[in-house]
Amino acid sequence: MNVVSTRNPAHRATFRHALTANLTPDGGLWIPASLAPFADLDALLELPFADRCAAILQRVIGDEFSPVDLAALAQDAFQFPLPLRQIDAQTWALELFHGPTLAFKDFGARLLARLLALHDQDTQATQPRTILTATSGDTGAAVAHAFWRQPGARVVVLYPRGRVSDMQERQFATLGDNVLALAVDGSFDDCQALAKACFNDPQLSADLRLTSANSINLARILAQVLYYFEINAALRSQGVRQAPVVSVPSGNFGNLTAGLYAQQRGLPVSQFVAATNVNRTVPDFLAGGPYQPRPSLATLSNAMDVGAPSNWERISALFGADRAAMQQAMRWGSVTDAETRTEIARLWQLGWLADPHAAVASAVLQQVRRPGEVGVFLATAHPAKFPDAVQEVTGTPVQLPEALAALVGRPLLGETLDNDFVALKRRLAA
Ligand SMILES: *Cc1c(COP(=O)(O)O)cnc(C)c1O
C-alpha cells in the first residue's frame, strides 16, 4: 500500500515506512494513497470475522507483508467476540469492549504490536524500539498490554495525572517490566504535545527507535477499518439489509477516520455521525464556525476529552478540506455530562448497560436520526471501566470483570513528570 502525506501528496512512502516513521517529513500524517472499493463486498461480508480481517489485510498490505503471516496475525490478534446487540426495533450497539483491556483500543494496539514484531523480524532489527504513547485513559492500557513482555520493545505511557479513572490507571501502571508509566502534570493535550515534540526531535527518534502507538499511526486506523465491516455483516445475519446510520463517539477522531475509510472501500453506510461530549471543536466547525482547537474540558467520557483532535487532519484531507462536502457526508452533535447520564439511564431501562462513551454516541444518534432509519452506535468501553458514573445513574454496582478485579490492590508503579519536554527527554534516556 502506498501512503502519502496529508499536507503534500508528493511525499510518498510504503505502508512499512508509515508503520515506523510516525509523522511525515512535512509534519503531517500518513494516509492511504488510494481507497479503491472492494469489488466483492458481499462475499467479504459472508466470511467469519477473523477470515474477513485476514482477507482485507491481505488486499491492503499483502504486497508488503507475507499473506500467510497476515492470516496468522488476524487469527491471533482478534480472538475476542464483538457482538452487535439490538437495543430497540431500529437500533443496535456494536460492542467493541471484549478485548483484554475492555475498550476498542485493543483492536488497534494488538494489530500494531504484531505488525511491528513482524517488521522487526523481517528486517532483522537488533536495537530495541521505544513505543511512546500519550493517553487519555484507554490507549495506554491497550498499548501497554499489547506490547507487555514483547522482546525488542519498551513502552512509555504519558498520561494526565489525576485525570484518568482509577481502573484505567491500574491497567497500565501496574504492569512494570518493559512498561514505564509517566503521570504528567497537565492535560491530555499536554501529553499529546509532549509526545509530538519527541517525534519531532530527529536525534531522540533515531536513538530510541521511537515509534508512535497513538492514532497518528496508520496501522491503528487500519485495524479499526476491519470492525466496521462487522456492522453490516451482523445486520445481514439478523435479516437487516438497509444501510445504517453509524454514530461514532469521538475524541481524536481516529475511529471516525477508520469508518470513513471503510465507506470509501465500499461498505454501505448511509451516513456517519460525529458524536462528541462538550469538547466541541469538530461539531462547531461542521456547524459553520471556524476550525478552532482549544484546551480540553474534563467530562465523564474522559477518553474523548480532546480539544485539538489529531486525526481531523486525515478527515479534512479525505474531503479536500471542503467543509460543504463534509457536511453532506456526515451528521454531528454533542452532549453534556447531564445528557450523558440521562442516556445511560434510558438505555438501562431498555435493558442495556452503557459506559459514558457509548452513551454519548447513542444520545447524539437520537438527536440526528430520521424516521425509519437503522441506527448503530459504537460501544467503545466496558461500563465496568467507569463504575462510579454508571452506578450513580443505575443505582446498581457494576460487576467487575475478572480482568479488572485482578488489578484491585496491585501497587501503582507510575512516576510523576513535569509538563516539560527536557524533563521527559532526560527520563527517556535514563
Ligand atoms: C479513545 C476513545 C474514544 C475516542 O476515539 P477516537 O478515535 O480518539 O475518536 C472513544 N471511546 C473510548 C472508550 C475511547 O477509549
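Colleague: Which residues line the second largest cavity?

Modeller: The second largest cavity is lined by M1, P32, L35, F38, I56, V60, L218, I221, L222, V225, Y261 and R265, and the elements that give two or more residues to this lining are α3 (49–61) and α10. A cavity is a set of points, on a 1 Å grid over the protein atoms alone, where a 1.4 Å probe fits but cannot get out, and a lining residue has an atom within 4 Å of a point. Helices are DSSP runs (H or I, at least four residues), numbered from the N terminus. This is a predicted model, in which local features need pLDDT of at least 70 and side-chain atom pairs count only at pLDDT 80 or more, whereas totals for chains, interfaces and linings use all residues. Residues are numbered from 1 along each chain as its sequence is written, and side-chain values use heavy atoms, with hydrogens and water left out.

Colleague: Which element supplies the largest share of that lining, and how do its residues divide by class?

Modeller: The largest share, 4 residues, comes from α10, and the lining of the second largest cavity divides into 11 nonpolar, no polar and 1 charged. In this scheme Ala, Val, Leu, Ile, Met, Phe, Trp, Tyr, Cys and Pro are nonpolar, Asp, Glu, Lys and Arg are charged, and the others, Gly among them, are polar.

Colleague: How many cavities of 30 Å³ or more does the structure hold?

Modeller: The structure holds 2 of them, a volume being the space filled by probe spheres set on the points. About 110 Å³ lies in the second largest cavity, while the largest cavity has a volume of about 280 Å³. The largest cavity has 26 lining residues, of which F104, K105, G251, N252 and A303 are the closest to its centre. By class, its lining has 10 nonpolar, 13 polar and 3 charged residues, and its largest share, 3 residues, comes from α11.

Colleague: What takes up the space of the largest cavity?

Modeller: The ligand does; a molecule sits in a cavity if more than half of its atoms lie within 2 Å of its grid points. Around the ligand are 15 residues, with K105, D138, G251, F253 and T380 the closest, where a residue is near if a heavy atom lies within 4 Å.

Colleague: Which side chain has an N or O atom 2.6 Å from an oxygen atom of the ligand?

Modeller: That side chain belongs to D138, and a nitrogen atom of the ligand is 2.8 Å from a side-chain N or O atom of T380. The protein covers 98% of the 380 Å² of accessible area that the ligand has on its own, by the Shrake-Rupley method with a 1.4 Å probe.

How values were computed: A polar contact is a pair of N or O atoms within 3.5 Å; within protein, one must be able to donate a hydrogen and the other to accept it, and residues adjacent in sequence count only if both atoms are side-chain atoms. On a 1 Å grid over the protein atoms alone, a cavity is a set of points where a 1.4 Å probe fits but cannot get out, and a pocket is an open set with protein on both sides within 12 Å along at least five of seven lines; lining residues have an atom within 4 Å of a point.
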